[in-house]
Amino acid sequence: MSEIFATTGTIAAIATAVVPQQGSVSIVRVSGSQAMAIAQTLFHAPGKQAWESHRILYGYIRHPQTQQLIDEALLLVMKEPRSYTREDVVEFHCHGGIIAVQQVLQLCLENGARLAQPGEFTLRAFLNGRLDLTQAESIADLVGAKSPQAAQTALAGLQGKLAHPIRQLRANCLDILAEIEARIDFEEDLPPLDDKGIISAIEKIAAEITHLLTTRDQGELLRTGLKVAIVGRPNVGKSSLLNAWSRSDRAIVTDLPGTTRDVVESQLVVGGIPVQVLDTAGIRETADQVEKIGVERSRRAASAADLVLFTIDASAGWTEGDQEIYAQVQDRPLILVINKVDLVDETTSQLLQSKIPNIQSQILTAASQNRGIDDLETAILEKVQLGKLQAADMDLAINQRQAAALTQAKISLEQVQATIAQQLPLDFWSIDLRGAIQALGEITGEEVTESVLDRIFSRFCIGK
């Protein structure tokens, strides 16, 4: 049995980030049948404060044997079932930092609790019916959200906007299965099965599954983001482009070729999508050992990026060096950025573009003047085939696990359709229909295995 299933007993964990000399408050969360007893052992509330559910008590945390003062704190009491886990839950709200919160956690462990496994609080919420699996995964997505758009999508999942259509599809499959099995058991007492109606219902369910599957790539982009590498010869304005785009002096800019010696990263949000931008060292042949290492890192960054912004200098024209770099990156998703267009007239710019290879996506920029950045962002969104996203369009953004289950459900439904077309007995219809029902149930948790839960909750932080 996996450790993630060791959900008995009372658990405790630090529920906030522990950062030296930072953070005003740290929280130790305790859940389980002994939570209240542990709190009453460690926490001393002066006066006549009532230990009632959903009340905050003020007081002191003391060592139960020595009575040594550990911290001045607040205690939040949430009695079952009105808590996150549907168990008794208490939270010690301590001063921030490292020492106090770790001392409080250690006292909880010494007085009846054990350290929680990663994601165990949320696992208990699922096992106790507080959440379904889609909501649990949405909590993890919300904690790890890299953009407001990703956070809104996670909140939509937490509110059940994904679980509801999945449950409805599963209910529809169960209705069809009931019709089929009734004919198997009581064929003589019931009217003939409406084959065309069954086929139509299955086609409708399959179509809705196909629609849900279209959100997979968009959801993955919102969760993991896009890695974009700016590459080109030295001194074409790559660092200036990064600074203009990020609206900061993130990279050093000089007129000296080879100023950027290593990959410089910046985190941006474009159309709701988290974007990791890599400003790379100028690619050229060099005898400088340090610059040579930077050039090699630039090549690796370009090969690993989701999108390459191949940047050239409009005032220098299309050079042999540009052609050599293009040969190295042309098989990657690519946008050509023609920078420094402020240094050339329109005729020269048109002549330059006529000499450039047939690169479909081309953007004109003058990074030093902050020109062309909006066009660049639009081109990036078009390149990933998303356009400008709106939060309402992303309420249903499935993840890879959910997509795999939906795909299996769709395959099972296609097999049901093939079985019907071959005029096989009703028993064969029900086999694949049950497969679709099981796959849909795996998404929300009606049908779940230990390995699935282990995979999902082991990715959570310990205090969640």
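Biologist: Among contacts in the chain between residues at least 6 apart in sequence, what percentage join residues at least 24 apart?

Modeller: It's 69%, with a contact meaning heavy atoms within 4.5 Å. Before we go on: this is a predicted model, where local features need pLDDT of at least 70, side-chain atom pairs count only at pLDDT 80 or more, and totals for chains, interfaces and linings use all residues. Residues are numbered from 1 along each chain as its sequence is written, and side-chain values use heavy atoms, with hydrogens and water left out.

Biologist: How many helices and strands does the chain have?

Modeller: Helices (H or I, at least four residues) and strands (E, at least two) are DSSP runs, numbered from the N terminus. Here you get 16 helices and 13 strands.

Biologist: And what share of the residues count as buried?

Modeller: Buried means under 20% relative accessible area, exposed over 50%, and partly exposed in between, using a 1.4 Å probe and protein chains only. Of the 464 residues, 47% are buried.

Biologist: Which residues of helix 8 are buried?

Modeller: An α-helix has 3.6 residues a turn, so residues three or four places apart point the same way. In helix 8 (residues 216-224), the buried ones are Gly219, Leu221 and Leu222. They sit on the same side of helix 8 because they cover an arc of only 160° around the axis; that arc is taken from the directions from the helix axis to the C-beta atoms. Their cover includes helix 5 (148-158), strand 8 (226-232) and strand 10 (273-279).

Biologist: What happens just after helix 8?

Modeller: Gly225 takes a positive phi of about 85° there.

Biologist: Which residues does UniProt list for "binding site"?

Modeller: Treat such records with some care: annotations may be inferred rather than shown by experiment, feature names are shortened, and positions are given in the numbering used here. The unreviewed UniProt entry lists Ser239 and Thr260. Ser239 lies in helix 9 (residues 238-246).

Biologist: Is Ser239 buried or exposed?

Modeller: Ser239 counts as buried, because its relative accessibility is 8%.
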